[in-house]
Every structure is written in structure tokens, then in C-alpha cells.
Amino acid sequence: MAEENLVGEYLRARRELVPPQDVGLHDLSSRRRVRGLRREEVALLAGVSTDYYVRLERGRDQHPSPQVIDALARALQLDDDAAAHLHRLAAAPPGRRRRKAVRPEKVPAGIVQLIGSWGQTPAYVCGRYMDVLAVNPLAAGLMPWYVKGENLVRAAFLDQRVRDMYGDWEHVTESTVAGLRALVGPDVDDPRLNELVGELSVRSERFRRLWARHDARPKRSGTTRIDHPLVGPVELSYERFPIPGTDRQTLGIYHAAPASASAQALALLAITTAEQRQPARPVNSETAT
């Protein structure tokens, strides 16, 4: 990568996703050949000159003012998360950044002890590339790909169990890619990230298309549905919490509505998981005789 053009690549990707009709452009030529909005249309909507906007997309000006960023965000109909991502890209240091040696990701001991004590609550810790860094037994029993060292982005696209268990697999993959974008921010020259993106771009057409959209949306909370092979359909809420003092590590937990069928299924899975972890009882020779 000779020179990064973070802002320009983002603007180009996002304007191609905006239908002209959504911004009031109804008198369109049948010979229109561009996807989404033209550069001059974005410039008009944002109140900047076309020449200046072209300079932004081509990387000749990579640090527009906060006021210009807000105007572009409105023109491109960005939500709060997408607008915040654009601000982060514009604030990145110019040129290619020299990266420090990346230290191995280590979860605070207290967090590991805490989630290990939650026998009724599935919980895990993710790192800056969505690698599973720690996981308690119930989370591993709930999502069998939640294994320490597994990358959740890779699993979402390449592990057939994810597709089989999730009824909303398309939404899962979309939110996973957007979450990864939000985590890495401007750090697109990260070798570990490039390796992951390169592998998935080759092996998954859907990942390639989603990554090209430049969606950036942190995973915070929501609901998901899975069809578990042992306990059947389960509807769960999930929460994501940043872990203070770490480099973008997040704590994730799942929970079911009290007294619901999903809560009963989760309780049954907790019992099954605990029984599977019980060590085999030694055979008493006298009793056996």
C-alpha cells in the first residue's frame, strides 16, 4: 500500500450505496451509468464545491474539517456510528503509520475468573480482531465455535455450523463485518487484519461484497435466534461491554427473558454442560465385585 486514502475510499463506497431517489433526485437520465450518487451530487448536497469533493475522494485532501465531515455525513445519510467512523478516519495521522510490535492479547485475570464463575450465563471475551480470548463452558456449549483462539469473523463465513444454527445468518454476517470495521478503525495496514481480510476475500464472495461496503457499526446489544442441536430453538439477548485497560477487548454475554421457553432451554443446556465437565468417578473394586 503506497499511500492510504481512508477518507476517499470510504466516501466513494458510501455514495455508491445511496439511491438518488432517497435524496430527492427524481429527474434521472435513463443513461445514468453510476451506482448511487455522482460526485457532483454529493458535493451539492453537502454544500461544498465539486472540485473539493473530488480532491477528498482522490486522497489529495485527507483531513476535512469536522464541519465538512458532518455535512458529508448528512449528504450520504450516514447514521451516528457511520459518521463517527468517518470522523475517526479523517483524524488519522497522514501517510502510512509505522506500527509498533503487537503484543499478544491477554485477558485480565479478574475477567477470566468472573466469567468462569457464571454457570448460568454464557460469556466470552473477544480481542481486537474478533478472536476468542476467553470463554466459559456454557458459552462454548451454546455456540460450539466459541473456542479459545477461534476467530469469529472467519467462523461466521466458513463454519457451516454457524449457517445451520442461525436463522438470521445474513444479518449475522453483515453485523460481524461492520463490527470488525468499527473495531479496527483507521488501522487498515495491520498485517494481522490484512491476512484475515485477504483469506476471507478469497474464500467468501459474501465477505468480499460486505467488506467493500465499508459499513462500520460496533456490536453493542440486540437479540439473536439459534436452533441448538440439543435444546432446540433459543431466542437470546446479547450485550457487549468494552473492557477498560485493554486494547479493544470486549466482554460478551447472552441471556434469555425470565421464565421464557428460551430461559428453560438455557438452564437445561447449563445442566448438560456441567454434567459433561464432571470428571469420571473412579470405580470402587469392592462395589464392582
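Trp-145 is buried in this predicted model, with a relative accessible area of 3%. Tyr-166 is buried too, at 9%. The structure holds 8 aromatic pairs. Trp-145 and Tyr-166 form one of them, a tilted pair.

A pair of aromatic rings is described by the distance of the centres and the angle of the planes. Two of the pairs are set out here.

| Pair | Centre to centre | Angle between planes | Class |
|---|---|---|---|
| Trp-145 and Tyr-166 | 6.0 Å | 50° | tilted |
| Phe-207 and Trp-211 | 5.8 Å | 15° | stacked |

Why is the pair of Phe-207 and Trp-211 stacked? Their planes are at 15°, and stacking requires under 30 degrees, so the pair qualifies. Phe-207 and Trp-211 are 4 residues apart in helix H12 (residues 205-213). That separates them by about one helical turn. An α-helix has 3.6 residues a turn, so residues three or four places apart point the same way. Both Phe-207 and Trp-211 are buried.

Ring pairs also build a cluster. Its members are Tyr-124, Trp-145, Tyr-146, Tyr-166, Tyr-238 and Tyr-254.

Next come charges over rings. The charged end of Arg-163 sits over the ring of Trp-169, 3.7 Å from the ring centre. Arg-181 lies over the face of Trp-211, at 3.7 Å from the ring centre.

Arg-181 belongs to helix H10. Is Arg-181 buried or exposed? Arg-181 is buried, because its relative accessible area is 7% and the cut-off is under 20%. Which residues does Arg-181 contact, leaving aside its neighbours within four places in sequence? They are His-85, Val-188, Trp-211, His-214, Asp-215 and Ala-216. Tyr-129 is 52 residues from Arg-181 in sequence, yet the C-alpha to C-alpha distance is 9.6 Å.

Helix packing is the next topic. Helix H4 (residues 66-75) and helix H5 (residues 80-91) pack at an angle of about 145°. Their axes are 10 Å apart. The crossing of H4 and H5 is right-handed. H4 brings Pro-66, Ile-69, Asp-70 and Ala-73 to the contact. H5 brings Ala-83, Leu-86, His-87 and Ala-90. By type, the contact residues are 6 nonpolar, 1 polar and 1 charged.

H1 (6-15) is mostly covered. Of its 10 residues, 8 are buried. These are Leu-6, Val-7, Gly-8, Tyr-10, Leu-11, Ala-13, Arg-14 and Arg-15. The buried residues of H1 pack against H2, H3, H4, H5 and H12.

In helix H3 (residues 50-57), the buried residues are Tyr-52, Tyr-53, Val-54, Leu-56 and Glu-57. They pack against helix H1 (6-15), helix H2 (39-46) and H4. Gly-59 follows H3, and its phi is positive, near 85°.

Methods: Residues numbered from 1 in each chain as written. Predicted model: local features only at pLDDT ≥ 70, side-chain atom pairs only at ≥ 80, totals over all residues. Heavy atoms only, no water. Phe/Tyr/Trp six-rings, centres within 6.5 Å; stacked < 30°, edge-to-face > 60°. Buried < 20%, exposed > 50% of the residue type's maximum accessible area, 1.4 Å probe, protein only. Helix = DSSP H or I, 4+ residues; strand = E, 2+ residues; numbered from the N terminus. Lys NZ or Arg CZ within 6 Å of the ring centre and 35° of its normal. Axes fitted to C-alpha atoms, helices over the stretch in contact; angles between N-to-C directions. Left-handed = near helix turned anticlockwise from the far one by under 90°. Contact = heavy atoms within 4.5 Å. Nonpolar A, V, L, I, M, F, W, Y, C, P; charged D, E, K, R; others polar.
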